[in-house]
Amino acid sequence: MLSTDYAHSMRLSPEWLAQADHLHLGIHVHSEGLFLGLFEMHSKQPIWMMDMPILSHQIAQALQQGQWVQPFFRKVTISFSAETWTVIPQSFFDAEQLSIWIEPTTNAMLGHQSIPQENNILIHRHSKDIEHIAALYPQAQVNCAIKMWLQLSPPSEQSNVLFAWLEAEKLCLQLIHHGQRILLNQFDAKSTEDVLYFISAALQQNAESQDLPIVLMGKGIGDDLIETLSHYYTDVQLWKTPLGLQLPPSCVLPAHYYYSILMHTLCA
């Protein structure tokens with residue numbers, strides 16, 4: 001059963017209910033809960049965002065009880081964090097042979113998506129709960145969050161940088177050198193020490209210097225991690241919203257915390 005605390009805190013307010021046909025609803029699901037976001041269709045500005053710790057099998061029921069399903073939103077996008085994933089050249093891809101790349105499990109499903117502007121395919125394994133959530137919104141665009149992440153950071157538009165996205169104890173690293181992606185991977189990271197280890201290993205193995213910009217994003221980025229990395233690297237940055245995108249006044253945390261849901265309006 002869904003706890004009453006979840007049902008109350010996730011209830012759609014009458015204000016947003018009345019405007020639903022002019023709004024874009026974004027839903028991002030990860031292993032520790034979900035983000036909800038509402039965006040204006042014309043300006044693409046976020047007007048409300050919420051982070052909710054909730055078990056994945058409770059999310060579909062919470063959305064229904066919170067009245068997020070009844071109104072017809074002008075646009076709905078759903079993203080999810082994959083249990084595991086890999087990126088392969090399109091020439092190697094066979095939709096009937098996904099299990100060659102990722103091992104299937106009983107409670108999960110395999111999927112694949114093309115990466116925009118690249119001749120690469122993303123293959124991922126995700127919880128079956130994602131299918132139940134997506135079934136509530138037949139009109140929704142559903143994406144693995146890694147696809148959106150890569151779409152927003154194409155190597156051709158970068159110089160030298162390491163992107164580090166931390167959420168729900170998963171660390172995704174993308175190292176770009178002179179406009180070429182030279183490392184892309186996901187690691188289990190349960191502590192600040194884990195994050196420091198994997199970032200250091202990525203830079204050392206690819207002979208990158210300590211002054212390479214490191215851009216951090218995701219709700220898992222805390223002050224302790226920033227302070228620790230700053231002891232070893234000279235250019236540690238927090239992701240910031242692009243020029244013109246403003247956080248709603250109700251959001252008390254910095255932009256990098258909301259990265260996973262802000263991708264929904266940035267990729268729209």
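Author: Gladly, starting with terms: buried means under 20% relative accessible area, exposed over 50%, and partly exposed in between (1.4 Å probe, protein chains only). Helices (H or I, at least four residues) and strands (E, at least two) are DSSP runs, numbered from the N terminus. This is a predicted model, where local features need pLDDT of at least 70, side-chain atom pairs count only at pLDDT 80 or more, and totals for chains, interfaces and linings use all residues. Residues are numbered from 1 along each chain as its sequence is written, and side-chain values use heavy atoms, leaving out hydrogens and water.

Reader: Which residues of helix 7 are buried?

Author: An α-helix has 3.6 residues a turn, so residues three or four places apart point the same way. In helix 7 (residues 223-232), the buried ones are L225, I226 and L229. They lie on the same side of helix 7 because they cover an arc of only 100° around the axis, taken from the directions from the helix axis to the C-beta atoms.

Reader: Which exposed residues does the face turned away from the buried side carry?

Author: That face of helix 7 carries D223, E227 and H231.

Reader: What do the buried residues of helix 7 pack against?

Author: Contact means heavy atoms within 4.5 Å. The buried residues of helix 7 pack against strand 9 (161-167), helix 6 (192-205), strand 12 (214-217) and strand 13 (236-238).

Reader: And what does F187 touch?

Author: F187 sits in strand 11 (residues 180-188). Not counting residues up to four places away in sequence, F187 touches E169, K170, L171, L173 and F198.
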